[in-house]
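Student: Could we go through a protein structure together? I would like to learn how to read one.

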Amino acid sequence: MTGIIDEQGYRLNVGIVIAGPDGRVFWGRRVGNRDAWQFPQGGMMPGETPEETLFRELEEEVGLRQEHVSILAHTEGWLTYRLPRRFLRPPRNRPRCIGQRQKWFLLRLNAAEAAIDLTLGPEPEFQDWRWVNYWYPIRKVVHFKRAVYARALRELAPALPKRSKHA
């Protein structure tokens, strides 16, 4: 695990919600686990702002560049979740990571869906993806992320474009 770990042991991270033209959102299946679906996310590196992390992770994980999206909203503060004990790794010459502290962003996809490419990063995060209803991920994400997903989606929802009658 790389990136910045704060004084409480939380890895600073961004969460990314990508809305398509009809208001549904990108939902990715992680590599190596058939049932592990989540939003793109990634850790901040030293010297990066949350926005810089957002665009780096967006390209690495989903293949989208800054010109492919618009930022519609972000969470005011940072949202935190703890990792279950079974996911904690022993520290190796750095602080122990006990969870994630995340700044969440809601993006609108401005490019064609074909711009999404899960294979651009050095190590692909996702092996598949689909569009889902905006609220669907709260019920389907791994249990220890559910409260953060619910808080992030509630806070970002007012910025979600209203669905077109033709969508």
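The conversation below discusses this predicted model.

Student: What helices and strands are there in the protein?

Tutor: The predicted model has three helices and eight strands.

Student: What pattern do they follow along the sequence?

Tutor: The pattern reads β-β-β-β-α-β-β-β-β-α-α.

Student: What is the radius of gyration, and what would a compact globule have?

Tutor: The protein has a radius of gyration of 15 Å. A compact globule with 167 residues would have a value near 15 Å, so the two agree. Along the principal axes, the C-alpha trace spans about 55 × 35 × 30 Å.

Student: How many of the residues count as buried?

Tutor: Of the 167 residues, 49% count as buried.

Student: Let us change topic. How many salt bridges does a search of the whole structure find?

Tutor: The search finds eight salt bridges. As a general point, side chains of opposite charge can pair when their charged atoms come close.

Student: Which residue forms a salt bridge with Asp 128?

Tutor: The partner of Asp 128 is Arg 29, and their closest N and O atoms are 3.3 Å apart. Asp 128 belongs to strand β8 and Arg 29 to strand β2 (residues 25-30), so this pair ties together parts that are 99 residues apart in sequence.

Student: Are those two buried or exposed?

Tutor: Asp 128 counts as partly exposed, at 30% relative accessibility. Arg 29 counts as buried because its relative accessibility is 18%, and the cut-off for buried is under 20%.

Student: Which residues are linked in a network of salt bridges?

Tutor: The network links Glu 48, Arg 56, Glu 57 and Glu 60. Within this group, Glu 48 pairs with Arg 56, with the closest N and O atoms 2.6 Å apart. Arg 56 also meets Glu 57 in a salt bridge, at 2.8 Å from N to O.

Student: How accessible are Glu 48, Arg 56 and Glu 57?

Tutor: Glu 48 is buried, at 18% relative accessibility. Arg 56 has 22% and counts as partly exposed. Glu 57 is buried, with a relative accessible area of 7%.

Student: Now the surface, please. Which residues gather in a patch of positive charge?

Tutor: The patch on the surface consists of Arg 130, Arg 139, Lys 140 and Arg 146.

Student: Where is Arg 139 found, and is this residue buried or exposed?

Tutor: Arg 139 is in helix α2, which covers residues 136-140. Arg 139 is exposed because its relative accessible area is 54%, and exposed means over 50%.

Student: Where does Trp 135 lie?

Tutor: Trp 135 lies in the loop between β8 (126-132) and α2. With a relative accessible area of 37%, Trp 135 is partly exposed.

Student: What separates the C-alpha atoms of Trp 135 and Pro 122?

Tutor: Their C-alpha atoms are separated by 30 Å, and the two residues are 13 residues apart along the chain.

Methods. Residues numbered from 1 in each chain as written. Predicted model: local features only at pLDDT ≥ 70, side-chain atom pairs only at ≥ 80, totals over all residues. Heavy atoms only, no water. Patch = residues over 30% accessible without salt bridge, like charges linked within 9 Å, V, L, I, M, F, W, Y side chains within 5 Å. Areas by Shrake-Rupley, 256 points an atom, 1.4 Å probe, with all protein chains shown as cover. Salt bridge = Lys/Arg side-chain N within 4 Å of Asp/Glu carboxyl O. Lys, Arg positive; Asp, Glu negative; His and termini not counted. Charge placed at Lys NZ, Arg CZ, Asp CG, Glu CD. Helix = DSSP H or I, 4+ residues; strand = E, 2+ residues; numbered from the N terminus. Buried < 20%, exposed > 50% of the residue type's maximum accessible area, 1.4 Å probe, protein only. Rg over C-alpha atoms; globule rule 2.2 N^0.38 Å.
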